[in-house]
Amino acid sequence: MRIGLSTDIHRLEEGYKLIIGGVYVPYELGSVGHSDGDCLLHTVCESLIGALALGDLGKLFPDTSEEFKGIDSSLLVLQVMKKVKEKGYKVVNIDSTVFLEEPKLSGYIPAMRENIAKLLEIEVDYVSVKATTSERVGIIGRKEAIMTESIVLLEKKEI
Ligand SMILES: [Zn+2]
């Protein structure tokens, strides 16, 4: 078994879309990023990279690269899943938290879990997405940023 952890923060600004876990969340502010700014899928991706001890997201997908500009972050997850399988592992479960002051995410969480389950090739029961605010304190509370954390467990596939 191998475990991987990841934390990510993106600035929130007008004129950007807010995409979380592959789900478009209508809001006055969006997540700034070189890719589609999907903070949740970035930690999904990077926790897998961490579990395999392959470095970090920036090492695999440089934000200076034209190739990854505006890219759908689910494509990044699929690329990393290829490495997971090449190394002979499969995902057991994943647990994530989204820190965001507004808007309420409860209505979008089932779709985020479905997306992540499909990308990681596991049942939705093994995908947890939680949302919390920051009680109006700090960069999250002032609606300046979105933050996510993910932790994933991998297991060696039986041959
Ligand atoms: Zn990111």
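Me: Quick one to start: is E121 buried or exposed?

Reply: E121 counts as exposed, since it has 11 C-beta neighbours inside 10 Å. Bear in mind that this is a predicted model.

Me: Where does E121 sit?

Reply: In the loop between α4 and β6, just after α4.

Me: And what's its phi?

Reply: Positive, about 60°, although E121 is not a glycine.

Me: Which other non-glycine has a positive phi like that?

Reply: K143 is one, with a phi of about 60°. K143 is in the loop between α5 (138-141) and β7.

Me: How exposed is K143?

Reply: Partly exposed, because K143 has 16 C-beta neighbours inside 10 Å.

Me: OK, back to α4. How many residues does α4 have, and how far does it reach?

Reply: α4 covers residues 109-120, so to speak a run of 12 residues, and reaches 16 Å from its first C-alpha to its last. That is close to the 16 Å expected at 1.5 Å a residue.

Me: Which residues of α4 are buried?

Reply: M112, R113, N115, I116, L119 and L120. They are on the same side of α4, because they cover an arc of only 160° around the axis.

Me: What covers them?

Reply: The cover for the buried residues of α4 includes β2 (19-20), β3 (23-24), α1 (39-51), α3 (73-86), β5 (89-99) and β6 (127-132). As for how α4 is placed, it lies across β5 and β6 and runs at about 145° to β6.

Me: Switching to the sheet. What's the strand order?

Reply: β4-β1-β7-β5-β6, in an open sheet of five strands with mixed pairing. The edges are β4 (30-31) and β6, each with a single partner strand, so one side of each has no neighbour in the sheet.

Me: Which strands pair in the antiparallel sense?

Reply: Strand β1 (residues 2-13) pairs that way with strand β7 (residues 145-156), over 10 bridges. β5 and β7 are also antiparallel, over 10 bridges.

Me: How do β5 and β6 run?

Reply: Parallel, with six bridges joining them. V98 has A131 in β6 as its bridge partner.

Me: Now the inside. Which residues touch the most other members of the largest nonpolar core?

Reply: I20 and C45, out of the 40 residues in that core. The elements giving two or more residues to this core are β2, α1, α3, β5, α4, β6 and β7.

Me: Which one gives the most?

Reply: α1, with eight residues. As a general point, nonpolar side chains in soluble globular proteins tend to be buried together.

Me: What does C45 touch?

Reply: L57, L76, V77 and V80, leaving out residues up to four places away in sequence.

Me: Which residues are buried in α3, then?

Reply: S73, S74, L76, V77, V80 and V84. They line one face of the helix, because seen down the axis of α3 they fall within an arc of 145°. On the other side of α3, K82 and E86 are exposed.

Me: And what packs over that buried face?

Reply: What covers the buried residues of α3 includes α1, β5, α4 and β7.

Me: What follows α3?

Reply: G88, whose phi is positive, near 85°.

Me: How far is K69 from H34?

Reply: They are 5.3 Å apart in space, C-alpha to C-alpha, and 35 residues apart in sequence.

Me: Last one: which residues does the cis peptide bond join?

Reply: E102 and P103, with omega about -10°. P103 is in the loop between β5 and α4.

Key. Residues are numbered from 1 along each chain as its sequence is written. This is a predicted model: local features need pLDDT of at least 70, side-chain atom pairs count only at pLDDT 80 or more; totals for chains, interfaces and linings use all residues. Helices (H or I, at least four residues) and strands (E, at least two) are DSSP runs, numbered from the N terminus. The expected span of a helix is 1.5 Å times one less than its number of residues. A residue is buried if 20 or more other C-beta atoms lie within 10 Å of its own, exposed if 12 or fewer, and partly exposed in between; C-beta atoms are placed from the backbone. The arc is that of the directions from the helix axis to the C-beta atoms. Two residues are in contact if their C-beta atoms, placed from the backbone, lie within 7 Å. Two strands pair if DSSP finds at least two bridges between them. Axes are lines fitted to C-alpha atoms, for helices over the stretch in contact, and angles run from 0 to 180 degrees between N-to-C directions. A nonpolar core is a set of buried Ala, Val, Leu, Ile, Met, Phe, Trp, Tyr and Cys residues joined through C-beta atoms within 7 Å.
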